[in-house]
Amino acid sequence: MKQPLAYVHPEAKIADNVVIEPFVTIDKDVVIEEGTRIGSNATILEGTRIGKNCNVFPGAVIGAVPQDLKYRGEKTTVEIGNNTTIRECVTINRGTSAKGKTIVGDNCLLMAYSHIAHDCVLGNNIIVGNASQIAGEVVIDDFAILSGLVAVHQFVHIGSHVMISGGSLVRKDVPPFVKAAREPVSYVGVNSIGLRRREYSNEKIREIQDVYRYLYQKGMNNFAAIEAIEAEMPASPERDEIILFVKNSKRGIMRGYFPE
């Protein structure tokens with residue numbers, strides 16, 4: 001399964017049924033688990049951990065040192081979950097002393113030419129579109145979808161079940177369950193189609209829409225909107241997830257949609 005034209009460091013830990021195509025380079029302190037395929041000309045560098053049944057396409061570079069001037073050669077990692085696809089020329093940098101690791105979860109699809117910078121944490125079932133660029137220490141929660149050419153500022157938090165329009169510049173946190181578009185990136189509604197695909201009921205989607213009416217359509221600031229939501233809407237996992245996201249936002253959440 002390992003091509004003679006590939007270079008695999010003798011200290012790398014590679015499962016027996018991993019497929020390694022010609023001209024691959026695999027450095028020391030690399031772990032690749034069962035069922036994974038590494039495409040030709042991919043480069044897997046020190047500190048990389050790749051789970052089961054992943055597919056790394058030609059030209060990808062995983063585990064390169066961070067593009068961060070504060071990095072001083074500390075020992076850090078990139079950790080890729082199971083069943084994740086990493087397409088052509090994707091780059092994923094390992095962590096710095098800030099968090100020590102860059103994480104990509106299970107069942108993710110990172111499309112061609114996308115970049116995941118140091119210390120990012122991506123959850124499960126995430127899609128990152130072609131040529132999207134994710135800066136350092138960004139957090140992206142489960143089931144988020146970033147269309148092509150999205151650029152995400154460092155330290156931004158993107159919530160679960162979010163859909164971000166192609167070409168968006170994401171400078172603020174994007175709360176869960178919403179669609180984001182326009183410039184500057186703004187709330188343009190609840191991601192109802194995505195939620196239905198994931199078997200959210202119509203009643204649950206209406207509840208989420210009601211929460212966002214307080215945040216974006218009633219003319220309140222975020223503090224007043226959260227107080228009103230807590231006072232007037234019954235607790236539920238979705239309501240509470242949105243409230244906690246807004247309360248914990250360090251960069252502030254994206255603006256509402258105001259027609260021109």
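Author: Let me begin with a cut-off that the discussion needs: a residue counts as buried under 20% relative accessible area and as exposed over 50%. The model is a predicted one.

Reader: Which residues of α4 are buried?
Author: In this predicted model, helix α4 covers residues 237-248, and the cut-off of under 20% relative accessible area decides which of its residues count as buried. By that criterion the buried residues of α4 are Glu-238, Arg-239, Ile-242, Ile-243, Phe-245 and Val-246.

Reader: Within what arc do the buried residues of α4 fall, seen down its axis?
Author: On the other side of α4, Pro-237 and Asn-248 are exposed. The buried residues of α4 pack against β23 (157-158), α2 (202-216) and α3 (222-232). Seen down the helix axis, the buried residues line one face of α4, because they fall within an arc of 160 degrees.

Reader: How far apart are the end C-alpha atoms of helix α4?
Author: The 12 residues of α4, taken at 1.5 Å a residue, should span 16 Å. The model agrees with this expectation, because the end C-alpha atoms of α4 are apart by 16 Å.

Reader: Which strands stand at the edges of the open sheet that eight strands form?
Author: The pairing in this sheet is parallel, and the order of its strands is β2-β5-β8-β11-β14-β17-β20-β23. An edge strand has a single partner strand, so one side of each is left without a neighbour in the sheet, and the two in that position are β2 (13-14) and β23.

Reader: Within that sheet, which residue of β20 is the bridge partner of Val-121?
Author: Strand β17, residues 121-122, pairs with strand β20, residues 139-140, in the parallel sense over two bridges. In β20, the bridge partner of Val-121 is Val-139.

Reader: Where is Gly-95 found, and what is its relative accessibility?
Author: Gly-95 is found in the loop between β13 (91-93) and β14 (101-104). Not counting residues up to four places away in sequence, Gly-95 touches several residues, including Pro-66, Tyr-71, His-118 and Asp-119. The C-alpha atoms of Gly-95 and Ala-117, which are 22 residues apart along the chain, are separated by 8.1 Å. Gly-95 counts as buried because its relative accessibility is 0%.

Reader: In the hairpin of β26 and β27, which residue takes a positive phi?
Author: Strand β26 (residues 178-181) is joined to the parallel strand β24 (residues 163-164) by two bridges, whereas β26 and β27 (residues 186-190) pair in the antiparallel sense over three bridges. In β27, the bridge partner of Ala-180 is Tyr-187. The hairpin has four residues between its strands, and the residue that takes a positive phi, near 70 degrees, is Arg-182.

Reader: What radius of gyration does the protein chain have?
Author: The protein chain has four helices and 27 strands, and its C-alpha atoms fill a box of roughly 65 × 40 × 35 Å along the principal axes. Of its 260 residues, 49% count as buried. A compact globule with 260 residues would have a radius of gyration near 18 Å, so the value for the protein chain agrees, at 20 Å.

Key: Residues numbered from 1 in each chain as written. Predicted model: local features only at pLDDT ≥ 70, side-chain atom pairs only at ≥ 80, totals over all residues. Heavy atoms only, no water. Expected span 1.5 Å × (residues − 1). Buried < 20%, exposed > 50% of the residue type's maximum accessible area, 1.4 Å probe, protein only. Arc of directions from axis to C-beta. Contact = heavy atoms within 4.5 Å. Pairing = 2+ DSSP bridges. Rg over C-alpha atoms; globule rule 2.2 N^0.38 Å.
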